[in-house]
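These are my notebook entries on one protein chain. I record below what I looked up, topic by topic.

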Amino acid sequence: MLIDFDKAIENFLKYTEQFGKNPKIDIKRKHSLRVMQNCEKIAIYLGLNKEDTELAKLIGLIHDIGRFEQINKYNTFLDRESVNHAELGNKILFEDNKIRDFIQTNEYDYLIKTAILNHNYREISKEVTDKRTLLYCKIIRDADKIDIFSVVINDGLENAVVFKIDDISKENVSNEIIEDCLNHRSCRKEFMKTNIDCIIVWISYIYNLNFACSLKIIKDNNYIDRFIDLVDYKNKKTSLAMKKIQKSANEYINSKV
Ligand SMILES: [Fe+2]
């Protein structure tokens, strides 16, 4: 066994508990545990051996370790208003040496560090050329993206969206966001103006997944329909756009899975 997961999870929970009771901390704690499971599912689907699967799971567990200090200090998930949470995570793990609470050997330090650093970039850095490292970057990116559906369904839209919610059912959608999503591209976040835009941005994550099994997880959980059904769209333009986006997303998934 490469990693003692009982110990690793215990140390992870202990680390997060120092930040006290805060719904945002809770969200990221649960997110990390689910991403760990997603990483395992993907690794098994890809046929990785036991040790390689453990490594993927560990990256899932600690990929967002920088979030807790970010929330504690800035009370936001927005990196542009605070810090890059992946860089902060790597500082905690590799400069403060927290990594040894999770894995004894330092053999995989570069791989873990690179996967964490690249998990939240729009694209994986071109500097990552090693095949094995690239594989782990792809696994964590898929596992993380898939979980946005669970976060929103389990913890509520109001805890996940970017803008202040007044009456979400009346909100408008931005043309650039609709256009990207209907063209099966991941949406350009800089055009995001409303919370509905934010929902569409998350849906568009499916167009940037690396593995068919990631789409299968989305399909098996019926995430697209459940996600879109969270809001009773009363704005005509929004309602029409959401119907189109739903149809097009489901067609895309069915064509790949
Ligand atoms: Fe993250």
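**Entry 1: domains.** I began with a term: domain bounds come from an automatic or database domain assignment. By that assignment, the protein is divided into domain 1 (5-148) and domain 2 (161-256). I noted at once that this is a predicted model, in which local features need pLDDT of at least 70 and side-chain atom pairs count only at pLDDT 80 or more, while totals for chains, interfaces and linings use all residues. Residues are numbered from 1 along each chain as its sequence is written.

**Entry 2: overall form.** I looked up the elements, where helices (H or I, at least four residues) and strands (E, at least two) are DSSP runs, numbered from the N terminus. The protein has 13 helices and 0 strands. Its radius of gyration is 18 Å, close to the 18 Å that the globule rule gives for 257 residues, so the protein is as compact as a globular protein of that length. For this value, the radius is taken over C-alpha atoms, and the globule rule is 2.2 Å times the number of residues to the power 0.38. I also recorded that the C-alpha trace spans about 55 × 40 × 30 Å along its principal axes.

**Entry 3: burial.** I needed a cut-off here: a residue is buried if 20 or more other C-beta atoms lie within 10 Å of its own, exposed if 12 or fewer, and partly exposed in between, with C-beta atoms placed from the backbone. Of the 257 residues, 36% count as buried. I then compared two residues of helix H5 (residues 85-95), starting with glycine 89. Glycine 89 counts as buried because it has 26 C-beta neighbours inside 10 Å. Lysine 91 also lies in helix H5, but it counts as partly exposed because it has 15 such neighbours.

**Entry 4: where the domains meet.** I found the C-alpha centres of domain 1 and domain 2 to lie 25 Å apart. Two residues are in contact if their C-beta atoms, placed from the backbone, lie within 7 Å. In this sense, 11 residues of domain 1 are in contact with 9 residues of domain 2. On the side of domain 1 that touches domain 2, helix H2 (23-45) and H7 are the elements that give two or more residues. H7 gives the most to that side, with 6 residues.

**Entry 5: the core.** A nonpolar core is a set of buried Ala, Val, Leu, Ile, Met, Phe, Trp, Tyr and Cys residues joined through C-beta atoms within 7 Å. I looked up the largest one, which has 60 residues; Cys39, Ile59, Ile200 and Ile203 have the most contacts inside it. Helix H7 (residues 131-155) gives the most to this core, with 8 residues. Both domain 1 and domain 2 give residues to this core, so it lies between them. Which residues is isoleucine 59 in contact with, leaving aside its neighbours within four places in sequence? I listed Cys39, Ile112, Ala115, Ile116, Tyr136 and Ile140.

**Entry 6: helix H10.** Among the buried residues of H10 are Ile200, Trp202 and Ile203. What covers the buried residues of H10 includes H7, helix H9 (175-182), helix H12 (223-228) and helix H13 (236-256).
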